[in-house]
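Entries follow in the order I made them.

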Amino acid sequence: MEQLSLFTQDVNLSAPLASRLRPQTLDDYIGQEHLVGKGKVLRQMLEKDMISSMVFWGPPGVGKTTLARIIAHTTRSSFIDFSAVTSGIKEIKEVMKQAENDRMMGLKTIVFVDEIHRFNKAQQDAFLPYVEKGSIILIGATTENPSFEINSALLSRCKVFVLQALTEQDMLKLLHNALSDKRGLGNSTIHIEERLLKAIAVFANGDARTALNTLDMAVLNGRIESDGSITVQEEILEQCTGKKMLLYDRNGEEHYNLISALHKSMRNSDPDAAIYWLARMLEAGEDPLYVARRLIRFASEDIGMADSQALQVAVAAYQACHFNGMPECNVNLTHAVVYLSMAPKSNALYLGYGKAKKDAEKMLTEPVPLQIRNGVTGLMQELHYGEGYQYAHDTKEKLTDMKCLPDSLEGREYYTPTDQGKEAKVKEQLQKIKEFKNSK
């Protein structure tokens, strides 16, 4: 538990770089434009001094603590930094007593609880009466979904704001500021190539603290030149990050070449090549969630009904990337890539939708047949909505010969199953259905 005055600007140059560069105002704050940009909700709440209890939900290093401090500074409130890891109910009660006394003196108290999800139900409930009375403004920070980790009674009294991982451009701006700001590294002359700054931005994966700590370490271990300047070399940065600088532009040609190579290797049932291209992307700093999304698409586009389990595996890999992050999720993605590579292949769904899309684009005004319209009102029934509808469950075969396509498209076939994997059984079943309908 730490109570701080936010009105002193002294900089301890021995403190970590991230601490020294902590922004004091929203104008200095980097990222979260959807919340603190001009005219956005949180900035308006601050400008109108209408701050209430809230929860910041987002990944590590995106500025949750910093934003809480800025709010306290802007609203001229006492700020208490409270750790859910080291504090219990006794400490909570002590802080609440102090906050209640301050309220009687007309002073607002913002209690910031980092990792609030680590508090048990009793500890979270200890805040409730003080939040309700207005003795404190509670700001909780969590990396976990607050719907599951924070008591509903407490959560209902808090506004939840979702903070997003910093973009690569946000990170580069942060790093350039660190090199120029006198509170950071601005008192030294530092030579570092832009591509190495980009490498740090990618390596940090949206975490500002990681980016600044990496830069600080690289500078501390940089080569000191005869004029006193410092040069950060690639090999030093590789030592600091523990990985090769295989940086590539996520928006450039190589990005698309590599995902194409992965996709086509899986399509060609070549797991070795697929794993290699996956590793090339991940080790170069590609977002694992991007790769996972492409695998989900592949599961339906190139496998489809030949093995519907493929889609479940791909979706599970995406969720695993959310839970684990890099580097732990690399094996989850490898699991999915190998499964998709070895699964039977069918593009029948992809081709089927393509044919249906062409017809839909040319015939966007085709009326829905009356028999499959929903006659929910008397007028609709008078207009014969639903007339002639055949309820398949009422039949022995669970089938009817009712037409479901518009008359102009009668007989059109979009889905043509293949003989691959489990789709062969689907093909056989579809043939029986068509024979049944044609016999009526």
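This is a predicted model: local features need pLDDT of at least 70, side-chain atom pairs count only at pLDDT 80 or more; totals for chains, interfaces and linings use all residues.

I take helices (H or I, at least four residues) and strands (E, at least two) as DSSP runs, numbered from the N terminus. Residues are numbered from 1 along each chain as its sequence is written, and side-chain values use heavy atoms, with hydrogens and water left out.

**Entry: two loop positions**

I looked up G304 and found it in the loop between α16 and α17. I call a residue buried under 20% relative accessible area, exposed over 50% and partly exposed in between (1.4 Å probe, protein chains only). G304 has a relative accessible area of 7%, so I list G304 as buried.

P23 sits in the loop between α1 (17-20) and α2 (33-36). With a relative accessible area of 18%, P23 is also buried. P23 and I70 are 47 residues apart in sequence, and their C-alpha atoms are 7.6 Å apart.

**Entry: the largest pocket**

I worked on a 1 Å grid over the protein atoms alone: a pocket is an open set of points where a 1.4 Å probe fits, with protein on both sides within 12 Å along at least five of seven lines, and lining residues have an atom within 4 Å of a point. Grid points are joined across faces, edges and corners, and the volume is the space filled by probe spheres set on the points.

The largest pocket comes to about 1,700 Å³. I list 47 lining residues, with P59, A165, N205, D287 and L289 nearest the centre. Two or more of the lining residues come from each of α10 (168-180), α11 (194-204), α15 (271-283), α16 (288-303) and α17 (309-324). α11 gives the most, five residues.

For classes I count Ala, Val, Leu, Ile, Met, Phe, Trp, Tyr, Cys and Pro as nonpolar, Asp, Glu, Lys and Arg as charged, and the others, Gly among them, as polar. The lining then splits into 20 nonpolar, 15 polar and 12 charged residues.

**Entry: rings**

I pair rings of Phe, Tyr and Trp (its six-membered ring) if their centres lie within 6.5 Å; planes under 30 degrees apart are stacked, over 60 edge-to-face, the rest tilted. I get four aromatic pairs. One of them is F56 with F161, tilted because the planes stand at 55 degrees, with centres 6.3 Å apart. This pair joins distant parts of the chain, 105 residues apart: F56 is in strand β2 (residues 54-57) and F161 in strand β6 (residues 159-162). F56 is buried at 0% relative accessibility, and F161 is buried at 2%.

Y276 and W277 have ring centres 4.8 Å apart and planes at 65 degrees, so I log the pair as edge-to-face. Y276 is partly exposed at 44%, and W277 is partly exposed at 23%.

I place a charge over a ring if NZ of Lys or CZ of Arg is within 6 Å of the ring centre and within 35 degrees of the ring normal. K159 lies over the face of F161, 5.7 Å from the ring centre. R373 lies over the face of Y385 at 4.9 Å.

**Entry: cysteines**

How many disulfides does the structure hold? I count zero, taking a disulfide as a pair of cysteine sulfur atoms within 2.5 Å. The sulfur of C329 has its closest cysteine sulfur in C321, at 3.8 Å, too far for a bond. C329 is buried at 0% relative accessibility, whereas C404 is partly exposed at 46%.
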